[in-house]
Amino acid sequence: MPPPLCQSCKQNPATIHYTEIKGPEKVRELHVCEACAQSQGMTGGPTLAALPPMLASLVKSPKSPGAPAPRCPTCGISFAEFREKGRLGCPHDYEFFQEHLDPLLEKIHGSSEHKGRLPRGSGPEATRRNDGLLRLRRELQQAVKAEQYESAARLRDEIRLLETVEVPAASGATLPASGTPTAATPPAKERRSRRTGGSGGSSGPAAPGA
Amino acid sequence: MELSDLDRRGGEWLRGGGARHDIVLSSRVRLARNLAGFPFAQRAPEEQKAEIVARVRGPLESLSLGTRAFWVDIDKSEKVDARVLVERHLISRELEGGKGARGVYFGSDEVVSVMVNEEDHLRIQAIRASLALEESFEAARAVDEALEQKLPYAVSSRYGYLTACPTNAGTGLRASVMLHLPALVHLKQVDKVFQAASRTGLAVRGFNGEGTPAMGDLYQISNQITLGKSEDEILASLKDLLPRLLEYEERCRQELATRGRVKLEDKVHRALALLRSARTISSEEAMQHLSSVRLGAVLGLLAGLDLQRIGELFVLAQPAHLQKLEGRPLEADERDQRRAAFLRARLA
């Protein structure tokens with residue numbers, strides 16, 4: 001099967017595949033040839049403005065056939081990379097790769113749903129906050145790498161702020177070891193979280209020293 | 001860290017007698033935990049790994065782990081010190097060979113240890129002598145509960161505790177017992193144990209954990225399933241299989257002691273004589289003979305030999321411990337000579 005043509009010049013084969021993920025349902029793909037990518041400086045179009053490291057990793061693997069595999073927006077790992085290394089990149093992967101992971105968990109454990117104790121702060125609110133933190137930390141890491149110290153400082157502030165947000169405990173969050181979790185926590189299929197901004201969605205008073 | 005800071009005799013789990021100590025050397029429980037809002041350790045950049053260490057140090061040091069407790073920065077440790085901790089089962093080979101900021105916190109009795117930035121941010125372990133799964137679980141859980149008051153964990157209501165490897169997700173609980181099965185090995189029945197274990201979702205490993213050979217007839221049996229079962233159910237899966245297993249080893253020991261009495265006595269006494277007179281001996285050979293001596297002591301064939309002291313030797317005769325005792329690095333040949341001298345002195 002011949003490689004797809006560059007979406008920009010429509011002449012050369014597309015060797016650079018760019019995927020923009022704005023959430024699990026919103027994935028935008030761009031396939032371009034190397035010449036067009038260079039002539040656009042890979043920063044020309046608004047869609048290419050962000051995530052240079054991700055592009056770099058794509059350039060390194062132009063052989064991937066068809067659509068590139070989606071990557072977790074908070075740690076950047078693809079499911080293929082997980083398969084190769086056997087380790088996930090971040091807690092958000094459980095949600096992001098849910099459809100691939102569930103069958104695997106079933107195979108390993110004969111189940112894909114937890115039955116046992118859970119600490120406080122295990123509700124969807126906490127998950128959203130934590131995913132937001134993961135994302136901010138990744139952006140911070142990239143800003144530091146790119147020597148963008150102003151945005152790094154801003155991101156640090158955002159992280160600090162988000163960390164002080166007290167998340168209300170999920171009802172019945174702490175289960176006894178012998179507890180029957182069915183009544184307290186129905187195996188709620190949490191909807192995948194939207195992007196959580198640094199400051200929005202806070203509730204409750206500041207936590208006493210994290 | 002100096003070996004003299006640690007107990008010269010080895011951790012409490014090597015010494016204490018207790019329920020079924022004739023077969024069960026130790027009971028261990030570990031809980032895998034990760035901090036919320038950070039990538040898993042292997043994916044975290046160095047600054048974040050250092051931040052994780054910095055964050056957990058305070059909460060760890062406020063735990064009460066006996067009379068004295070130690071924090072060891074593995075990334076800044078001498079190789080031989082890290083290896084001593086591996087040999088004492090306080091840290092894993094993965095933590096020893098890992099990269100970047102990482103460490104371990106443990107009490108002087110060596111019951112509880114918490115590894116930081118191994119595969120997961122936190123690995124809480126409790127290990128006790130003989131058959132004491134409940135006690136080990138309670139010890140690990142107490143630490144877990146104290147830490148979760150101060151550190152937000154990565155959890156989800158659907159998947160429980162989120163871990164770097166999906167094989168640990170859910171409870172993050174791995175419970176194991178270390179069994180001494182010389183009679184089953186001698187009568188070539190040990191494969192049956194593996195089969196019985198795997199049928200009930202349990203895994204069998206060697207003395208030093210995953211991927212290591214079963215030296216000295218020592219085997220670790222642990223749960224594989226961590227998700228979809230409660231902590232109690234996981235502990236029960238081990239506890240259910242154990243009585244049958246112990247009975248099987250016991251029957252084989254009886255058979256050896258009755259039908260093959262002379263052969264058994266010969267083997268045990270030869271092993272002790274060899275350990276008491278060898279001038280050079282490898283780790284493997286030492287473990288093999290220590291196993292026979294331990295069996296002899298349990299069956300009352302070797303009067304005057306203390307079972308607990310033999311247990312310690314499984315750990316103290318290992319390479320890094322010998323080098324610490326000697327106070328300098330030793331080549332393999334030299335080590336085998338030092339080991340032989342050490343065992344002669346201890347078993348004199």
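This report describes chain B of a predicted model and the side of chain A that touches chain B.

## Overall form of chain B

Chain B contains 13 helices and ten strands. Its radius of gyration is 20 Å, close to the 20 Å that the globule rule gives for 348 residues, so chain B is as compact as a globular protein of that length. Taken along the principal axes, the box filled by the C-alpha atoms of chain B is roughly 65 × 45 × 30 Å.

Of the 348 residues in chain B, 54% are buried. Among the contacts in chain B with a separation of 6 or more, 67% are between residues 24 or more positions apart.

## The open sheet

Eight strands of chain B form an open sheet, and their order is 2-3-4-5-1-8-10-9 with antiparallel pairing. Strand 2 (69-73) and strand 9 stand at the edges with a single partner strand each, so one side of each is left without a neighbour in the sheet. From one strand to the next, the twist averages 20 degrees. Strands of a sheet pair through backbone hydrogen bonds, either parallel or antiparallel.

One of the pairs in chain B is made by strand 3 (residues 103-107) and strand 4 (residues 112-116), which run antiparallel and are joined by four bridges. In this pair, Gly103(B) stands opposite Val116(B) of strand 4.

Strand 10 of chain B covers residues 218-223, and six of its six residues are buried, so the strand is largely enclosed by the rest of the structure. Both of its faces are covered. Leu218(B), Gln220(B) and Ser222(B) are buried on one side, while Tyr219(B), Ile221(B) and Asn223(B) are buried on the other.

Strand 8 (residues 173-180) runs antiparallel to strand 10 and is joined to it by five bridges, with His180(B) opposite Leu218(B). Strand 9 (residues 202-205) also runs antiparallel to strand 10, through four bridges, and here Leu202(B) stands opposite Asn223(B).

## Two helices with buried residues

Helix 3 of chain B spans residues 79-87. Its buried residues are Ala82(B), Arg83(B), Val84(B), Leu85(B), Val86(B) and Glu87(B). The elements of chain B that cover them include strand 2, helix 4 (93-96), strand 3, helix 11 and helix 12. His89(B) follows helix 3 and has a positive phi, near 65 degrees.

Helix 11 of chain B, one of the elements covering helix 3, spans residues 307-316. Ile310(B), Gly311(B), Leu313(B), Phe314(B) and Leu316(B) are buried in helix 11. Their cover includes helix 1 (12-15), strand 1 (24-33), helix 10 (283-298), helix 12 (319-326) and helix 13 (332-347) of chain B.

## Contact with chain A

Between the two chains, 41 residues of chain A are in contact with 37 residues of chain B. On the side of chain A that touches chain B, helix 5 (98-109) and helix 6 (124-145) of chain A each supply at least two residues. Helix 6 of chain A gives the largest share of that side, seven residues.

By type, the residues on this side of chain A divide into 19 nonpolar, 15 polar and seven charged.

Notes: Residues are numbered from 1 along each chain as its sequence is written. Chains are lettered from A and ligands numbered from 1 in the order in which they are written. This is a predicted model: local features need pLDDT of at least 70, side-chain atom pairs count only at pLDDT 80 or more; totals for chains, interfaces and linings use all residues. The radius of gyration is taken over C-alpha atoms; the globule rule is 2.2 Å times the number of residues to the power 0.38. A residue is buried if 20 or more other C-beta atoms lie within 10 Å of its own, exposed if 12 or fewer, and partly exposed in between; C-beta atoms are placed from the backbone. Two residues are in contact if their C-beta atoms, placed from the backbone, lie within 7 Å. Two strands pair if DSSP finds at least two bridges between them. Axes are lines fitted to C-alpha atoms, for helices over the stretch in contact, and angles run from 0 to 180 degrees between N-to-C directions. Ala, Val, Leu, Ile, Met, Phe, Trp, Tyr, Cys and Pro count as nonpolar, Asp, Glu, Lys and Arg as charged, and the others, Gly among them, as polar.
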